[in-house]
Amino acid sequence: MNPTIESIRALEILDSRGHPTIRVMVKLDNGITASASVPSGASTGENEAFELRDGDASRYGGKGVLKAIENVTRTIAPRLVGMNPSGQSEIDHRLIELDGTPNKRKLGANAILGVSMAVARAAAQAADVPLYEYLGGADATRLPMPMMNILNGGKHADNSVDFQEFMVVPVGATSFAEAMRYGAETFHALKKILAAKGYATAVGDEGGFAPNLKSNEEACEVIVSAIESAGHKVGKDVAIALDPAASSFFKNGDYHLSKSGQGRKTSAQMNALYEQWLDRYPIVSIEDGLAETDWDGFRQHTAALGGRIQIVGDDIYVTNTEFIRRGIRERTTNAVLIKLNQIGTVTETIAAIDLCREAGWNYVVSHRSGETEDTFMADFAVAMGGGQIKTGSACRSERIAKYNRLLEIEAELGSRAVFTSPIARSCHGC
Ligand code: PGA
Ligand code: ZN
């Protein structure tokens with residue numbers, strides 16, 4: 001007999017920034033219990049699903065999630081109790097229907113996603129298989145290439161760097177464990193280089209350094225030095241990925257590189273700048289190189305550079321099939337960033353990935369800047385088989401928890417584990 005959902009509870013917990021978030025606990029009638037915790041972004045896309053916060057200034061500066069919790073216990077739980085937890089799509093559709101708004105404004109995407117993920121976990125346990133196998137089937141054996149955000153600028157750092165994230169991608173590694181080693185060695189080498197130059201080595205929200213560098217270019221230069229000093233081949237073993245998060249410096253139709261003093265640039269000038277960078281640095285992927293409203297600029301960006309590197313859309317798509325469909329039609333990018341909480345259910349996230357697969361596009365499963373110790377997304381990345389994950393630097397336990405879970409999965413799969421990079425090595429300097 002299939003088990004059924006006996007109860008659903010929710011708890012206000014804290015995320016990695018010390019802000020409240022929601023944890024949902026699901027209990028089945030066979031005694032199985034499972035929980036899931038929801039992350040939270042800072043540089044959020046305009047069209048993301050709605051994160052419900054209390055707005056009560058007397059608690060957590062208005063960021064409490066007691067209303068979302070009440071929505072789980074009073075509205076959602078009574079409608080799901082008695083259902084079979086393995087009917088993920090049926091359960092997610094019931095959640096969408098219960099909410100009834102286009103962006104989950106009524107119940108809150110945080111309430112809905114917590115339930116959706118906890119149900120998946122409970123069902124995996126009931127089926128007695130690991131979560132990645134439950135969601136991805138017996139063929140879910142591909143470990144993702146990590147994109148590790150080791151240096152920050154933009155809104156995430158008080159320095160002269162306009163771009164938000166500079167990531168290392170261990171493209172030459174032959175296993176996930178080796179990729180982690182390359183990434184961590186580069187991170188430690190970078191720390192030494194920054195310290196020797198007299199820069200601060202404290203880390204930001206995602207575990208990357210935020211030194212007071214003098215320019216965007218210096219960020220790439222110190223990373224190249226760190227790759228070399230860690231003993232790896234620049235571009236061949238370890239390459240660079242960028243997330244400029246360009247919406248954050250886009251105003252009135254132009255890009256304002258004001259932190260670095262490079263002034264105002266049009267879309268075309270931004271694209272020319274990226275092209276120059278490709279010749280100078282071992283860049284293999286650029287995410288949100290243009291703003292979320294600049295569909296034309298993105299299209300030109302992809303037309304110019306998409307044959308050489310991966311062009312990822314994050315804020316422009318917000319893991320929403322409506323926007324991804326437009327992107328595929330218009331060749332806006334050639335890859336999509338996937339964040340469960342941008343859309344709010346497991347089923348809708350898988351639908352976004354299905355579109356990428358049909359189009360032959362890459363997709364990168366991603367964390368948020370506010371995270372918890374929950375490792376759902378690590379299993380999810382293996383289940384979806386896209387071969388890429390972005391989950392922060394080589395420090396901070398809420399980031400490392402995901403990497404450690406992937407190390408565990410790789411070990412568990414043993415000789416069945418597959419590690420192939422969906423992005424080409426950089427031929428910079430070859
Ligand atoms: P966020 O940042 O979680 O604050 O949105 C991550 C990203 O832009 O990819
Ligand atoms: Zn992004």
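Let's start with Arg181: its relative accessibility is 41%, so it counts as partly exposed. Partly exposed sits between buried, under 20% relative accessible area, and exposed, over 50%, with a 1.4 Å probe and protein chains only.

Some ground rules. This is a predicted model, where local features need pLDDT of at least 70, side-chain atom pairs count only at pLDDT 80 or more, and totals for chains, interfaces and linings use all residues. Residues are numbered from 1 along each chain as its sequence is written, and side-chain values use heavy atoms, with hydrogens and water left out.

Back to Arg181. Its side chain meets that of Glu185 in a salt bridge, 3.1 Å from N to O. That term means a side-chain nitrogen of Lys or Arg within 4 Å of a carboxyl oxygen of Asp or Glu. The count by this rule is 28 salt bridges. Arg181 and Glu185 are four residues apart in helix H5 (residues 176-196), so about one helical turn separates them. Helices are DSSP runs (H or I, at least four residues), strands likewise (E, at least two), numbered from the N terminus. Glu185 is partly exposed too, at 30%.

Next, helix H8, residues 295-305. Asp296 and Arg299 are three residues apart there, about one helical turn. Their closest N and O atoms are 2.5 Å apart, in a salt bridge. Asp296 is partly exposed at 44%. Arg299 is partly exposed at 31%.

Now Lys339 and Asp314. Their salt bridge is 2.8 Å, N to O. Lys339 lies in the loop between strand E12 (335-338) and helix H10 (340-343), and Asp314 in the loop between strand E11 (310-313) and helix H9 (321-330), so the pair ties together parts 25 residues apart in sequence. Buried or exposed? Both are buried.

How values were computed
Chains are lettered from A and ligands numbered from 1 in the order in which they are written.
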